[in-house]
Amino acid sequence: MRLDRFICKSTSLTQPEALTRIASGRVIVNGDVVRNNAKQVHENNLITLDGAPITPRASRYIMFHKPVDTVCSNVDDAYPSLFNLIDIERAGDLHIAGRLDADTTGLVLITDDGRWTFHITSPKTLCEKTYRVGLRDPIAEDAVLRFSQGIQLQGETALTAPAKLEIIHAKEVLLTITEGRFHQVKRMFAATGNKVKSLHRERIGAVNLDIDLAQWRYLTPSEVLSF
Ligand code: URA
């Protein structure tokens, strides 16, 4: 992570305060004065401020059950941010590992560990996300095959990556995808002439949303390490 980010995360300093201290040569990384606030550092590095070692603050990993009509951004004119529902210190350090639309419900993972988020959101890591989808029309007979072969989304050149479709009822399916393109699930069904009426994320990787989770909890160490 960037040096200024590391200092903010591990101390009570604001970003401008961290930048001032770095610029004035008060921060030492592994024995060298570093004045570049963008220098990449790691928690194993010895980093001192005015001679005192900075102890890295542990990262936080949260399972959140998103209700309908909330947004995953910090501010929105129409709906409240889900961060309003997390009463936690330093909430401003947290970000969402894979956003959901305002009308989508279900599993959201929240953290202050950017590298961990990369494992979840990068299409290269093939991290599976499973959605329970309610449809306007009965699912087409060839849908399982079409979704497995990739769907041509409007306005995009590359087909979607192979997706798994499991039919629960004619108008209810489970869809598993490994990408996170803009409104991807809604656009995949729209491309087949259907329409998503309800959307609920049940799973990300090996982490399933607790059925009875009222709002949020910290992930267990094994859940964190599963990514
Ligand atoms: N795909 C969508 O269309 N919306 C979401 O919220 C998530 C995936």
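The protein exposes about 12,200 Å², of which carbon and sulfur atoms supply 53%; accessible areas follow the Shrake-Rupley method with a 1.4 Å probe, and for residues only the protein chains shown count as cover. The structure is a predicted model, in which local features need pLDDT of at least 70 and side-chain atom pairs count only at pLDDT 80 or more, whereas totals for chains, interfaces and linings use all residues. Residues are numbered from 1 along each chain as its sequence is written, and side-chain values use heavy atoms, with hydrogens and water left out.

The C-alpha trace spans about 70 × 35 × 35 Å along its principal axes. The secondary structure comprises 6 helices and 13 strands, taken as DSSP runs (helices, H or I, at least four residues; strands, E, at least two) numbered from the N terminus. Of the 227 residues, 43% are buried.

R132 lies in strand β8, which covers residues 129-135. R132 counts as partly exposed because its relative accessibility is 28%, the classes being buried under 20% relative accessible area, exposed over 50% and partly exposed in between (1.4 Å probe, protein chains only). Beyond its neighbours within four places in sequence, R132 contacts (heavy atoms within 4.5 Å) I168, E172, V173, L174, S198, L199, H200 and E202. With E172, the R132 side chain forms a side-chain polar contact at 2.6 Å; such a contact is a pair of N or O atoms within 3.5 Å, where within protein one must be able to donate a hydrogen and the other to accept it, and residues adjacent in sequence count only if both atoms are side-chain atoms.
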